[in-house]
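Subject: Structure handover

Hello,

Here is the structure I said I would pass on. Please open it beside this email and follow the notes below.

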Amino acid sequence: MAVLLKKSIAFCLLSAIAFVLCFFHTSHAKLQRFDHPTKSNGSVSFLVVGDWGRRGEFNQSQVAYQMGRIGEKLDINFVVSTGDNFYDNGLSSVQDTAFVESFTKIYTAKSLQKLWYSVLGNHDYRGNVEAQLSPLLRKIDSRWICLRSFIVNSDLAEIIFVDTTPFVNGYFPDTEGHTYDWRGIQSRKGYIANLLKDVESALEKSTARWKIVVGHHAIRSVGHHGDTKELEKRLLPVLQANNVDFYMNGHDHCLEHISDNDSDIQFLTSGAGSKAWRGDIKGLNGGGLNFFYDGQGFMSVQLTEKDAKIVFYDVFGNVLHRWRTMKQLHQSI
């Protein structure tokens, strides 16, 4: 009897230790890295689109068509999605037909048959997050890569994707009758602290020519949601201290280019993949606004050792705003 009791106690202790180790690993796993080679000439080009998944409606299909045209012209390496990938409430399961109807059947152009690196948006958190993160989706469409936070490295550029939704106080507790799927985030405070450490560590170690950070929520925006105060306080200082070149986001259903007053960071919003909010504009404290468009569209990025070219397009493929910066001069032209 005593022997059985000792074995039972030992088993319980081992189980408890395993649980603690599993919890620590889940809450503080290092950012997964994906190596994506540059073109033969050493350059990298990609498209950025956000807030799109509406089964082709609200001009999503038209934006997708123009993305295919521009993607072919630029011979893009991949596509970046800034979140809110499936409306209104993410995916319900890995069998949810919204995945095929809003993604596979919409982005059909040959040039878009490249990897799609995606982050979660707040609408994605209203669904089954584990389903959208599931590698099983890649069996349906091999382009799909979606993690909470991760790194895409091409040597020339390092892109860090950050899960910004847990930062926002307004989602805790649930608001406006919505339910958010916080599985995998046992401790919000610990999750954010560990994520910031991982982002800071990755940026400090990066030797890439261009440092880019992607999140769903804007740090600076004159759109509907405006600036995200929690990111201003917690994430922005990390970006400024580590010479990040671009912060790219969605969330506001518009296209924007805003310069930081305290660093060389350029804030680039590309959240106009489907439904846009016409006429919904807020003031921006401190200025820095270079471009704002309240219709549908997307953005392209071309990077070389010497320069970066950012271009915003509308739903008809017209160029709305073009911006270039020379890396060695640290100034825009």
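In this predicted model, the side chains of serine 81 and asparagine 85 are joined by a polar contact of 2.6 Å. Serine 81 belongs to strand β3, which covers residues 78-81. Is serine 81 buried or exposed? Its relative accessibility is 0%, and buried means under 20%, so serine 81 counts as buried. Beyond its neighbours within four places in sequence, serine 81 is in contact with Val49, Trp52, Trp116, Tyr117, Ser118 and Val119.

Some figures for the whole protein come next. The protein has 333 residues, and 57% of them count as buried. Its secondary structure comes to 8 helices and 16 strands. If you take the contacts between residues at least 6 apart in sequence, 72% of them join residues at least 24 apart.

Now the charged pairs. Side chains of opposite charge can pair when their charged atoms come close. The count for this protein is 14 salt bridges. One of them joins glutamate 158 and arginine 33, at 2.5 Å from N to O. Glutamate 158 is in strand β7 (residues 157-162) and arginine 33 is in strand β1 (residues 32-35), so this pair ties together parts that lie 125 residues apart in sequence. Glutamate 158 has a relative accessible area of 7% and is buried, whereas arginine 33, at 43% relative accessibility, counts as partly exposed.

A salt bridge also forms between glutamate 232 and arginine 220, with the closest N and O atoms 2.3 Å apart. Here glutamate 232 sits in helix α7 (residues 229-234), while arginine 220 is in the loop between β8 (210-215) and α7; the two are 12 residues apart. Arginine 220 counts as buried, at 15% relative accessibility.

Aspartate 245 and lysine 327 make another salt bridge, at 2.7 Å from N to O. Both partners are in loops: aspartate 245 in the one between α8 (236-241) and β9 (246-249), and lysine 327 in the one between β15 (319-326) and β16 (331-332), 82 residues apart. Aspartate 245 is buried, with a relative accessible area of 12%, and lysine 327 counts as buried at 13% relative accessibility. Salt bridges that share partners also join Arg220, Asp227, Lys229 and Glu232 into one network.

Which residues have the most contacts inside the largest nonpolar core? They are Met67, Tyr107, Ile160, Leu239 and Tyr247, in a core of 61 residues. Helix α6 gives the most to this core, with 7 residues. A second, separate core has 33 residues, including Phe161, Ile212, Val301 and Ala308. Tyrosine 107, leaving aside neighbours within four places in sequence, is in contact with Trp52, Gln60, Ala64, Met67, Ser102, Leu112, Gln113, Trp116 and Arg143.

Last, helix α6 itself. It spans residues 188-205, which makes 18 residues. From its first C-alpha to its last, α6 reaches 26 Å, close to the 26 Å expected at 1.5 Å a residue. The buried residues of α6 are Tyr191, Ile192, Asn194, Leu195, Leu196, Asp198, Val199, Ala202 and Leu203. An α-helix has 3.6 residues a turn, so residues three or four places apart point the same way. Keep that in mind when you look along the helix.

Regards

Definitions and conventions. Residues numbered from 1 in each chain as written. Predicted model: local features only at pLDDT ≥ 70, side-chain atom pairs only at ≥ 80, totals over all residues. Heavy atoms only, no water. Helix = DSSP H or I, 4+ residues; strand = E, 2+ residues; numbered from the N terminus. Expected span 1.5 Å × (residues − 1). Buried < 20%, exposed > 50% of the residue type's maximum accessible area, 1.4 Å probe, protein only. Contact = heavy atoms within 4.5 Å. Polar contact = N/O pair within 3.5 Å; in protein donor to acceptor, adjacent residues only side chain to side chain. Salt bridge = Lys/Arg side-chain N within 4 Å of Asp/Glu carboxyl O. Core = buried A, V, L, I, M, F, W, Y, C linked by side-chain atoms within 4.5 Å.
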